[in-house]
Amino acid sequence: MSPARHASIPQARTANLVVKPVAGEVLVYDLERHRAHNLTATAAAVWRHCDGRRTVPEIARAVAEDTGTSGDEQLVATALAQLARARLLEAPGAWAGVSRREALRAGLATAAAVPLVTTIVAPRAAQAQSLTCTVDATLCTGSCGAGNSCTGLSEACCAVVTGGTCCAVVT
Amino acid sequence: MLPALFLARLVLAAVLGAAGVAKLFDRAGTAEALAAFGAPRRSVTALAVALPVVELVTAGTLLPRRAAWWGALAALALLATFTAAVGRALARGQRHDCRCFGQLRPEPIGAGTLVRNGALLALAAFVAGAGRADPGPSALAWLLALPPGERALAAIGLLGLALLTVVAVQTFRLSRQQGEILARLAGIEDQLESGAGRPAEREEAAPPDKGLPVGAPAPEFELPDLQGEPRSLGKLLALGRPVLLLFAGPACDPCLALVPEIRRWAREHAATLTIALVSSGEAAANQAKFAGVAGDHVLLQRGSEVADAYSARWTPGAVVVGRSGRLASAVAYGDAAIRTLVAETASGSGAAANGHGQPGLRLLRHGPPGLGDPAPPLARPGLDGTPVDLADYRGRDTLVVFWQPQCPHCQRLAEDLRRWEAEPPRNAPRLLVVSSGSIQDNRALGFQSTVVLDEGFAIGKAFGARGTPSAILVDAEGRIASTVAVGARDVLALAGVVPIIPPFTREVR
């Protein structure tokens with residue numbers, strides 16, 4: 001495959017990514033950036049067919065077969081742009097430039113306005129549980145008793161140790 | 001023939017004329033399209049003017065009889081150039097805007113563009129080929145045949161028509177711009193309403209759980225393979241090697257990308273490691289994606305019950321079960337971590353090499369003890385003053401639990417532990433509670449197991465515990481046999497309370 005052809009064919013990134021299907025959508029967690037992205041069924045289908053061999057029209061046809069939609073190529077381009085911005089494609093720079101403006105020009109106001117890929121975060125309490133601390137860390141102040149609990153620790157309490165306070169977290 | 005030639009010239013002139021006028025009114029878009037087609041950036045501005053002028057001149061040349069054949073040749077050259085440019089872009093997979101008719105019809109190039117250009121090309125070739133001697137009557141003859149006064153009126157009428165066309169094009173352009181602005185506003189409103197300006201918050205987006213503590217009994221399961229044959233963890237362990245459970249799915253692209261490596265691992269490490277791929281979904285989809293990937297150890301869950309029991313809710317994820325049936329690793333997520341886990345396990349440097357693990361997993365040379373290291377000294381009086389020494393507990397696994405009576409998370413776990421003491425699971429370890437607080441508070445817990453006091457958390461610190469409730473398993477030889485479990489779920493897992501997964505059988509048709 002020539003470099004020019006390679007550059008014009010989208011390929012999904014697979015390294016250091018994990019996925020979880022949730023109610024018709026797909027969550028993708030980026031282990032490098034520690035960010036989770038939610039892919040609609042359409043975006044997930046586009047991402048799945050970015051195998052480095054299919055062109056955009058071929059992806060559109062494959063998505064149409066998967067989702068039973070018309071498989072519009074501009075919609076695929078919009079999904080590719082959003083996937084690229086979420087760093088879920090190899091060489092994302094080649095695809096991130098397909099803008100909402102182009103989709104709007106083509107009259108696809110819905111495609112341009114509706115996010116197909118959204119970045120999501122876990123609720124604050126769960127995030128706090130993922131904090132790490134060493135034995136002598138002083139992230140926790142006070143004890144867990146008498147209403148002085150460790151903020152954000154839903155599974156364990158800090159323990160007062162000789163020379164300081166240590167913090168227990170669920171890792 | 002002559003009427004056909006005349007008609008073909010009119011069609012070509014109309015199309016080229018419309019394209020030329022539309023491009024002149026959309027010079028920026030035309031320049032953008034020319035650049036996308038590969039025209040030099042420096043010249044696209046000039047070309048955006050020159051091209052529509054050439055199109056208009058060509059259209060005009062097609063009308064009078066004398067110049068029509070030359071006009072057809074020019075149209076042929078123009079259309080051949082357009083068709084070649086579109087074909088080359090499509091071959092490269094490019095789908096940029098054509099701007100063939102400016103703002104009148106902005107659309108990405110595609111097969112339809114080629115078909116349209118091909119049809120026009122055929123018309124131009126027809127006129128050029130068949131109309132050299134006589135391309136048909138002049139389209140302007142009727143105008144020239146009029147008396148001077150009427151000719152002037154007709155010219156004014158044509159000029160008015162042209163102006164009306166310009167007004168119509170501009171109106172169309174303005175309406176499109178208005179539509180674009182409205183769509184943008186709608187998009188912004190949608191984003192504001194849905195809070196899409198900042199990342200949405202969802203429970204299931206939590207970072208991947210590392211799973212149950214190393215040293216906890218691995219949850220037993222029985223799942224059908226792709227042929228419908230039942231396979232259990234017990235049967236896999238009976239092969240005498242550590243078992244790598246690889247959680248995957250047929251719709252998981254990162255999993256599919258790992259398939260060639262999984263095949264290689266299964267082949268190269270067959271003597272030291274059993275690999276089982278735990279998937280879900282339709283058997284046919286799994287057959288298509290994973291058949292033979294891990295020998296005949298491709299197992300299908302009903303849903304995600306096995307992955308849930310191992311707290312491996314993202315794919316690809318992998319965990320190693322040691323030959324003793326205890327977990328020998330945390331869940332590794334993603335291709336890089338799984339490669340490392342496979343390499344460590346296959347080389348014997350991981351915790352799975354023997355029953356409870358090896359010192360190889362110890363990460364802190366001067367910190368708390370690692371897997372396989374001797375447990376730190378633990379000698380304290382019990383609540384009744386009797387001396388208690390962990391060394392006296394040898395001969396059976398012991399779970400050392402770190403506790404604080406005032407800790408609400410400990411209080412929530414207390415009832416579960418009392419039930420556990422009343423009905424311990426098979427092969428459950430003994431319990432030794434290391435707690436703070438007063439004798440009275442600890443007696444009030446009602447534990448049957450021995451409780452010793454550890455003011456200042458010195459013992460907990462020596463074992464690497466960082467809070468309460470937490471626990472660590474010490475084997476019958478007095479060696480560390482688990483990582484430190486933190487939180488109720490993991491403490492109970494080390495105590496042998498693991499999820500019971502109902503067997504899943506599947507009929508093969």
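This report describes the chains, a sheet, some helices and the aromatic pairs of a predicted model.

## Chain A: overview and confidence

Chain A holds eight helices and six strands. In sequence order, its elements follow the pattern α-β-β-β-α-α-α-α-α-α-β-α-β-β. The chain has 171 residues, and buried residues make up 51% of them. Among contacts in chain A with a separation of 6 or more, 52% are between residues 24 or more positions apart.

The average pLDDT of chain A is 69, and 55% of its residues score at least 70. The pLDDT is below 50 over residues 1–6 of chain A, a stretch with seven contacts in the model beyond near neighbours in sequence. Residues 107–111 of chain A also have a pLDDT under 50. For residues 107–111 of chain A, the model has ten contacts beyond four places in sequence.

## Helix packing in chain A

Two packed helices are described by the angle between their axes and the distance between the axes. Helix α2 (residues 41–49) of chain A packs against helix α4 (residues 73–85) of chain A at an angle of about 80°, and the axes are 10 Å apart. Angles of 65 to 115 degrees count as roughly perpendicular, and α2(A) and α4(A) are therefore roughly perpendicular to each other.

On the α2(A) side, A:Thr42, A:Ala43, A:Val46 and A:Trp47 make the contact. On the α4(A) side, the contact is made by A:Leu75, A:Val76, A:Ala79, A:Leu80 and A:Leu83. An α-helix has 3.6 residues a turn, so residues three or four places apart point the same way.

## Chain B: overview

Chain B has 16 helices and 16 strands. Of its 509 residues, 47% count as buried. Residues 24 or more positions apart account for 67% of the contacts in chain B with a separation of 6 or more.

Helix α2 of chain B covers residues 27–36. Its buried residues include B:Gly29, B:Thr30, B:Ala31, B:Ala33, B:Leu34 and B:Ala35. After α2(B) comes B:Gly38, which has a positive phi, near 110°.

## The five-stranded sheet in chain B

Five strands of chain B form an open sheet in the order β6-β5-β4-β7-β8, with mixed pairing. Its edge strands are β6 (298–300) and β8 (332–333) of chain B, each of which pairs on one side only. Helix α9 (residues 253–268) of chain B lies across β4 (243–247) and β5 (274–279) of chain B. The helix runs at about 155° to β5(B).

Strand β7 (residues 317–321) of chain B is joined to β8(B) by two bridges, and the two strands run antiparallel. β4(B) and β7(B) also run antiparallel, joined by five bridges. B:Gly317 of β7(B) stands opposite B:Phe247, and in β8(B) its bridge partner is B:Tyr333. B:Ala318 has B:Ala332 in β8(B) as its bridge partner.

How many of the residues of β7(B) are buried? Five of its five residues are, and the strand is mostly covered. In a regular strand the side chains alternate between the two faces of the sheet. In β7(B), B:Gly317, B:Val319 and B:Val321 point one way, while B:Ala318 and B:Val320 point the other way.

## Aromatic pairs

Six aromatic pairs are counted over all chains. One of them joins B:Trp69 and B:Trp70, with 4.9 Å centre to centre and 75° between the planes, and is edge-to-face. Are the two residues buried or exposed? B:Trp69 counts as buried at 13% relative accessibility, whereas B:Trp70 has a relative accessible area of 56% and is exposed.

The ring centres of B:Trp403 and B:Phe447 lie 5.2 Å apart. Their planes are at 85°, so this pair is edge-to-face. B:Trp403 belongs to strand β11 (residues 398–403) of chain B, and B:Phe447 to the loop between α14 (439–443) and β13 (450–453) of chain B, so the pair ties together parts that are 44 residues apart in sequence. B:Trp403 is buried, with a relative accessible area of 1%, and B:Phe447 is buried at 12%.

Key: Residues numbered from 1 in each chain as written. Chains lettered and ligands numbered in written order. Heavy atoms only, no water. Phe/Tyr/Trp six-rings, centres within 6.5 Å; stacked < 30°, edge-to-face > 60°. Buried < 20%, exposed > 50% of the residue type's maximum accessible area, 1.4 Å probe, protein only. Helix = DSSP H or I, 4+ residues; strand = E, 2+ residues; numbered from the N terminus. pLDDT = per-residue confidence, 0-100. Contact = heavy atoms within 4.5 Å. Pairing = 2+ DSSP bridges. Axes fitted to C-alpha atoms, helices over the stretch in contact; angles between N-to-C directions. Parallel < 35°, antiparallel > 145°, perpendicular 65-115°, else oblique.
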